[in-house]
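Subject: Structure handover: salt bridges

Hi,

Here is the structure I promised you. Please open it, then read my notes below.

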Amino acid sequence: MKITKENLTDIREDYEKAHRLIDEESKNDPPTEPFRSHYIARDVLNSALRKVKILAEALEPTSDAASTVRCIHANILKDIAKITTFVEEPRGDVLLKEALELIEIDRGTVPTINIHIEILNQLGIMACNVSNFDDSKQYLDQAKNIYAETKEMERQPLTMADLFGTKEEVEKGKGEKLLESNHTLTLYYLAQVFGFQENLAESARYCHITLKRQLEYNEFEHVDWALNAATLSQFYFPKNHLAQARHLLAASTYMLNRYETEVVEKITNEAERAEKEETLRYRMADVGRCWAKYGLHILVTSKERLGMDDDPVEGTQSEPPLTPVKKMDRFTGLDLAAYEDQVAAEFCLTFDDAKLVMLNSLSWLNKAKEYYTKETEASQYAKILQDIASLYKHLAFFEEDDGNQCKLYKRGADQLEEIVEILNATYYQTICREAWYELGLTYSNMLDVKLSQLDEMQSNERPTPHALNKINHLCEKSIRNFIKFIESYKIELETLELPDNIEEDESHPILYAYFHIGRLYYRLITPDKRLKLKNTENSLFYYSRFVACCQDERMRPRFAQELSVCKEMISLLPLKVEKLKNEISEG
């Protein structure tokens, strides 16, 4: 028996009706019945399935007609499996495996190519979703191999519509287009699997190939594509692939601008347009923050490079040089020069270099603050302020003028002060802790600059009361913020005993805070000997607690340099305390 158009008409109508329900009518499903259209579509597909089985029974199993019907059968099973998974019911994988077994006899034939890849893709993503990554990769590799074999053999795959029609009605090019679309999905899913397997380099490579293919075949949604490109940049710049990271960020920004002109500006419905504009503002802010992270990395790593020892000690292994990687894979057909030329893809050597990078990042963060306001997104707003503070801090490293360096530190401190001013420390404890600690460090850095200026001044003239007050003021502000940081861990200031339940990575900054406070109390300047005694005793107490807490074997290697300083100080400070006590009693 041959199959005719009439034999398949009812099945085709059911199939098309089911897809209308899924693709169109489901958008109008009420919140109380979110899967209503999908349930109806599944019933329609099950009806089509019964008709297919009746038709198959009347065919010679080895005939071309039977092969075509098996492919239609497998397609319907695949769609039922997708609905089953979508509505959060089990057995989706069972239906897919049944579909796979059904077409095994026809494996490698033209009608099976696309459905075979689609089934394997679905099995791959289902296995990935239940953390069965090895099985997932196996399915996806099979799908990838079928694609490669099809291209090598120059076969012409078919669509579901082609299976319902005659050979003369095959829509030329549609099957090949579906093949490419299915292969793009295979690569996209493989990128996810490699990511879960912590093979980040392969994950990034597959992500990039996916983005290129989406552009090539014009199969992308502007915003999703832009976000994926920006996210991918975050893999590359920490590895110093600066040109590649910048290219991805430029492409991301370019695509969001295209979204505005190609989508948003063409919408006439005011409510819909407002929604799209909000999406654009939201995602442009996120991409802007990615640009800022890129700039921060350049500043931080430039600082690290300039501080590296050019002549490593003989017999020690030195890290590979921090050099930007020039190699990159560009997107074709995108004019990105205007975006890429805004910021360098090189490390900074001078203040002028660093300033350009810093100002570019600052510009992006200021734009991001227009979306993430303190009234609507307090935590995200605070994180932007943290990044701005970091920009000022790292730019200060390149500034050679002491006065200007202090101004940069002060601008950074202003950002951090705003964080602790606007946030409730009870609800935003982690961010407040970070801000207090960073404020302690920033005021301490400013103190170092002022002390350096004081040393220079004392060689020529007596320091002014204003200069001395400034130094004390910075000491007190630094101490105050470090103490707030310590107290947030419920540590008693009278004992400075670390809680038993504190994590090792949390104890490190606490001990650094002890070290800094010990140093800061010693730096306070006062003619009052009683106050000087109190400050010296406080300094000794914090230094002593630092040394005591570092008795833990895990801590010693981390704090080797600080331990050496502290041990020396706790041997000298008791003598100073005794001397002050004697002077006070004699006075």
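A salt bridge here is a side-chain nitrogen of Lys or Arg within 4 Å of a carboxyl oxygen of Asp or Glu. Keep in mind that this is a predicted model.

R283 is partly exposed, at 21% relative accessibility. D286 is buried, at 16%. The cut-off explains the two labels: buried means under 20% relative accessible area.

Now look at R330 and E340. Their side chains meet in a salt bridge, 3.0 Å from N to O. E340 is buried, with a relative accessible area of 6%. R330 is partly exposed, at 39%.

Next, R107 and E104. These side chains also form a salt bridge, at 3.6 Å from N to O. R107 is partly exposed, with a relative accessible area of 45%. E104 is partly exposed too, at 41%.

Salt bridges can also join up. K78, D79 and E118 are linked in a network of them.

How many salt bridges are there in the whole structure? The search finds 29.

Best wishes

Notes: Residues are numbered from 1 along each chain as its sequence is written. This is a predicted model: local features need pLDDT of at least 70, side-chain atom pairs count only at pLDDT 80 or more; totals for chains, interfaces and linings use all residues. Side-chain values use heavy atoms; hydrogens and water are left out. Buried means under 20% relative accessible area, exposed over 50%, partly exposed in between (1.4 Å probe, protein chains only).
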